[in-house]
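Subject: Structure handover

Hello,

Here is the structure for you to look over. My notes on it follow below.

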Amino acid sequence: MNSRSNCALDLLDVSHAYGDLTAVDHVSLHVNEGEVICLLGPSGCGKSTILRLAAGLEALQQGRVAMQDRMVADGGLGQSLPPELRGVGLVFQDFALFPHLTVARNVAFGLGRMEAGARAARIAEVLDQVDMADYAGAYPHALSGGQQQRIALARALAPQPAILLLDEPFSGLDARLREQIRDDTLHVLKRSRTATLMVTHDPEEAMFMADRIYLMQAGRVVQSGSPDAIYHRPVNPFVARFFTATNDLGGVVQGGAVQSPLGLLPAPGHADGAAVQILIRPESIHLVAAGGGDTNSRIVPAIVEEVRFLGSSKLLVVRLESGENRSLTLRVRHAGRHLPELGSQILLQLDPADALIFPEGREGGDLYRRASTEIRALSAG
Ligand code: ADP
């Protein structure tokens with residue numbers, strides 16, 4: 001049963017080590033009632049460990065875990081409420097349905113002791129919620145992957161958990177099915193107003209599902225916020241690159257701006273003379289028609305060297321044609337229907353506000369230098 005508390009889950013300064021390996025490093029996060037929160041990050045950054053600590057499947061070493069304002073684990077005091085008393089619902093990547101039980105009995109498993117009529121009513125209600133009312137008597141092996149995922153979700157939702165914990169719940173599904181199931185799942189979670197913490201390594205999935213994202217790197221939260229804020233205002237190059245590959249350039253700030261091959265870019269907050277990294281997303285560079293475009297920013301001619309289809313959009317590799325940056329290679333994402341021909345000349349324009357500018361040498365610097373060396377090598381080739 002939900003209390004009036006506004007906070008379904010609260011992790012306070014949680015750290016966790018496996019032997020010498022620090023898997024989770026001073027992480028604090030909260031999930032409010034009705035919110036869907038994604039823990040996002042590359043494989044091995046500590047996401048699943050956080051989920052297991054929240055569920056009580058892993059003993060808490062340091063920090064505190066509270067649910068609906070009730071302390072459920074305190075690393076300092078060595079106190080911990082067992083998982084079955086925490087009121088959490090769990091869905092794992094492999095769904096973990098019992099093969100010898102029908103769908104209805106799988107769902108009933110989460111309900112514990114309950115009067116028979118109420119139990120049957122709750123099973124029917126939750127199967128209806130996930131659109132599986134006709135499958136109560138079926139066995140898991142007779143269901144598709146997507147249907148099994150819905151049953152796993154129904155089983156986790158049946159006891160009305162204080163919080164639902166999902167660990168890569170869609171990664172076992174094929175790509176076409178995944179989009180639909182993600183959409184359906186989000187509707188179920190929002191309709192039932194179930195507070196949810198979901199682990200994923202897929203940035204598109206996180207942006208689609210989450211009210212807020214916690215982006216992790218090597219055990220730490222590097223940025224948290226709405227998908228829009230994290231995508232458009234990344235705090236460092238690692239965050240920026242986690243969502244899309246970027247064109248990586250460099251420059252030196254003069255008079256509050258930095259000169260780039262695509263024009264002068266404002267660099268507020270960076271001192272004159274400071275070396276900066278300029279990250280430009282492929283979709284931030286636009287193709288413009290001759291005589292068109294925004295007259296306030298530079299229009300740069302380029303030659304199309306490669307075209308790759310990405311479904312609704314195309315990725316172009318283009319080589320700049322003029323000026324001191326002649327022969328610089330850039331990646332451009334083009335959503336228009338018109339497909340430029342290989343070897344043809346096109347005109348490019350960047351909205352200066354879309355360039356991401358960071359101090360040179362900021363976190364992820366080694367990675368940056370490697371990537372930009374590769375791009376420079378490409379440009380020189
Ligand atoms: P993620 O979910 O982001 O992939 P995990 O939380 O599973 O990351 O793992 C974080 C780090 O801890 C990884 O380096 C992983 O190899 C390690 N790790 C996870 N579980 C264990 C364990 N039971 N014993 C030892 N090391 C572990």
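Leaving aside residues up to four places away in sequence, serine 48 touches Asp167 and Val199. Contact here means heavy atoms within 4.5 Å.

Before going further, two notes on the source. This is a predicted model, in which local features need pLDDT of at least 70 and side-chain atom pairs count only at pLDDT 80 or more, while totals for chains, interfaces and linings use all residues. Residues are numbered from 1 along each chain as its sequence is written, and side-chain values use heavy atoms, with hydrogens and water left out.

Back to serine 48. Its side chain makes a polar contact of 3.1 Å with the side chain of aspartate 167. A polar contact is a pair of N or O atoms within 3.5 Å; within protein, one must be able to donate a hydrogen and the other to accept it, and residues adjacent in sequence count only if both atoms are side-chain atoms. Serine 48 is partly exposed, with a relative accessible area of 25%. The classes are buried (under 20% relative accessible area), exposed (over 50%) and partly exposed in between, with a 1.4 Å probe and protein chains only.

Serine 48 is found in helix H1. Helices (H or I, at least four residues) and strands (E, at least two) are DSSP runs, numbered from the N terminus. H1 is largely enclosed by the rest of the structure, because 7 of its 9 residues are buried. Those buried residues are Lys47, Thr49, Ile50, Leu51, Leu53, Ala54 and Ala55. Just after H1, glycine 56 has a positive phi of about 90°.

**The ligand site**

Which residues surround the ligand? They are Tyr18, Leu21, Ala23, Pro42, Ser43, Gly44, Cys45, Gly46, Lys47, Ser48, Thr49 and Arg52. A residue counts as near if one of its heavy atoms lies within 4 Å of the molecule.

- Threonine 49: a side-chain N or O atom at 2.5 Å.
- Lysine 47: a side-chain N or O atom at 2.8 Å.
- Cysteine 45: a backbone N or O atom at 3.1 Å.

On its own, the ligand has 560 Å² of accessible area, and the protein covers 59% of it. Accessible areas come from the Shrake-Rupley method with a 1.4 Å probe; for residues, only the protein chains shown count as cover. Strand E2 (21-32) and helix H1 (47-55) are the elements that give two or more residues to the shell. H1 has the largest share, 4 residues.

By class, the shell has 5 nonpolar, 5 polar and 2 charged residues. Here Ala, Val, Leu, Ile, Met, Phe, Trp, Tyr, Cys and Pro count as nonpolar, Asp, Glu, Lys and Arg as charged, and the others, Gly among them, as polar.

**Positive phi in loops**

Most residues other than glycine have a negative phi. Glutamate 168 has a positive phi of about 45° although it is not a glycine. Glutamate 168 lies in the loop between strand E8 (163-167) and helix H5 (175-192). Is it buried or exposed? At 11% relative accessibility, glutamate 168 is buried.

Aspartate 131 sits in the loop between helix H3 (116-129) and H4. At 58% relative accessibility, aspartate 131 is exposed.

**Cores**

The largest nonpolar core has 45 residues. Val107, Leu127, Ile151, Met209 and Phe243 have the most contacts inside it. Helix H4 (residues 145-157) gives the most to this core, with 6 residues. Another core, of 30 residues, lies apart from it and includes Leu9, Leu11, Met67 and Leu165. A nonpolar core is a set of buried Ala, Val, Leu, Ile, Met, Phe, Trp, Tyr and Cys residues joined through side-chain atoms within 4.5 Å.

**Glutamine 349**

Glutamine 349 is in strand E20 (residues 345-350). At 6% relative accessibility, glutamine 349 is buried. Its side chain reaches the backbone oxygen of serine 297 at 2.7 Å.

**Overall**

The protein has 9 helices and 21 strands. Buried residues make up 49% of its 381 residues.

Best wishes
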